[in-house]
Amino acid sequence: MLSLFKKKKTEQPLVTTIQVDMHSHLLPAIDDGSKSMEQSVALVKTFVEMGYKKLITTPHIMSDFYKNTPEIIYDKLDKLNDIIKSMQLDIELTAAAEYYLDEGFVNKIEKKEALLTFDENKKYLLFETSYMNASPYFDSVVFSLQSQGYQPVLAHPERYTYLFDSFEKLKKWYDKGVLFQLNVNSLSGYYSASSKSVAEKLIDNKMVNFVGSDCHGERHLNAMKETIGTTYYKKALKLDLLNHTL
Ligand SMILES: [Fe+2]
């Protein structure tokens, strides 16, 4: 009986502060993210329900597996945007890329090819390395990118196994001007206990510039709904994050 008189819980928005996501794989069938246009639309709808206002999606560009080009990416983006607009979804959807640090990427930089960035003026460039092995190109790539006016943003620094015990290396890169993007789901231990611990250390040391979903499918958004209740997520929101400047 008592429950009848209990105050009805008011629905809280699932995400209140971060309204801009800058790392995801939402374009259909061009990497290991969304597999179809239908799935892409469903994912965007979930982001809208979670309170997001802008999504900068970042398909993989990897010489061996995902030979995406700006043309391929923008073509898929236009098609997805046509549907989103026809559905009158309240969200802005743009695209950049997540570059994998391989020889193909090094060649593009050497040839001064125009690279995809997620802010035209600030030239933020999202890149990742192998999860297992340190890249011999890391320092020279960062130097070349910076010389060409780009601001390199390392995707999920907390996820690289070769760095789990090398926090000093991360600190060195951060001090050299490499910006860091943390995956929200790292904070619940979704990937691994080690990633969670590095993620927390990055937050404690104020070494996080962006947070991102790195959404490849609904599973990541479902997990995020849990993660955003964690103490460290709340702590991350208090940092000087740049998401809102995009
Ligand atoms: Fe990613």
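**Exercise 1. How many bridges join strand S6 to strand S7, and in which sense do the two strands run?**

Solution. 
Step 1. Note that the model is predicted.
Step 2. Locate the strands: S6 covers residues 124–128 and S7 covers residues 151–155.
Step 3. Count the links. S6 and S7 are joined by 4 bridges and run parallel.
Step 4. Check individual pairs. Tyrosine 124 lies opposite glutamine 151 of S7. Leucine 125 has proline 152 in S7 as its bridge partner.

**Exercise 2. Find the other neighbour of S6, then place the strands in their sheet.**

Solution. 
Step 1. Look at strand S5, residues 98–100. S5 is joined to S6 by 3 bridges, and the two run parallel.
Step 2. Take one pair from this link. Tyrosine 99 has phenylalanine 127 of S6 as its bridge partner.
Step 3. Write out the order. The sheet is open, has 6 strands and reads S3-S5-S6-S7-S8-S9, with parallel pairing.
Step 4. Name the edges. They are strand S3 (60–61) and strand S9 (210–212), and each pairs on one side only.
Step 5. Recall the general principle: strands of a sheet pair through backbone hydrogen bonds, in a parallel or antiparallel way.

**Exercise 3. Are the two faces of S6 covered or open?**

Solution. 
Step 1. Sort the residues of S6. Tyr124, Leu126 and Glu128 lie on one side, and Leu125 and Phe127 on the other.
Step 2. Apply the burial cut-off: a buried residue has 20 or more other C-beta atoms within 10 Å of its own. Every one of these S6 residues is buried, so both faces are covered.
Step 3. Turn to S7. Here 4 of the 5 residues are buried, and the strand is mostly covered.

**Exercise 4. Describe the sheet that contains S1.**

Solution. 
Step 1. Give the order. This open sheet has 3 strands, arranged S1-S2-S4, with parallel pairing.
Step 2. Examine the S1 link. S1 pairs with strand S2 (residues 54–57) in the parallel sense over 2 bridges.
Step 3. Pick out a facing pair. Aspartate 21 is opposite leucine 55 in S2.

**Exercise 5. At what angle do helices H2 and H3 pack, and how far apart are their axes?**

Solution. 
Step 1. Locate the helices: H2 spans residues 37–49 and H3 spans residues 70–86.
Step 2. Read the geometry. The angle is about 55°, and the axes are 11 Å apart.
Step 3. Classify the pair. H2 and H3 are therefore oblique to each other.
Step 4. List the contacts. From H2 come Met37, Ser40, Val41 and Val44; they meet Leu80, Ile83 and Ile84 of H3.

**Exercise 6. Summarise the whole chain.**

Solution. 
Step 1. Count the elements: the protein chain has 9 helices and 9 strands.
Step 2. For 246 residues, a compact globule would have a radius of gyration near 18 Å; the chain has 18 Å, so the two agree.
Step 3. The C-alpha trace spans about 70 × 45 × 30 Å along its principal axes.
Step 4. State the burial: 37% of the 246 residues are buried.
Step 5. Check contact range. Of the contacts with a separation of 6 or more, 77% are between residues 24 or more positions apart.

Technical notes
Residues numbered from 1 in each chain as written. Predicted model: local features only at pLDDT ≥ 70, side-chain atom pairs only at ≥ 80, totals over all residues. Pairing = 2+ DSSP bridges. Rg over C-alpha atoms; globule rule 2.2 N^0.38 Å. Buried ≥ 20, exposed ≤ 12 C-beta atoms within 10 Å, placed from the backbone. Contact = placed C-beta atoms within 7 Å. Axes fitted to C-alpha atoms, helices over the stretch in contact; angles between N-to-C directions. Parallel < 35°, antiparallel > 145°, perpendicular 65-115°, else oblique.
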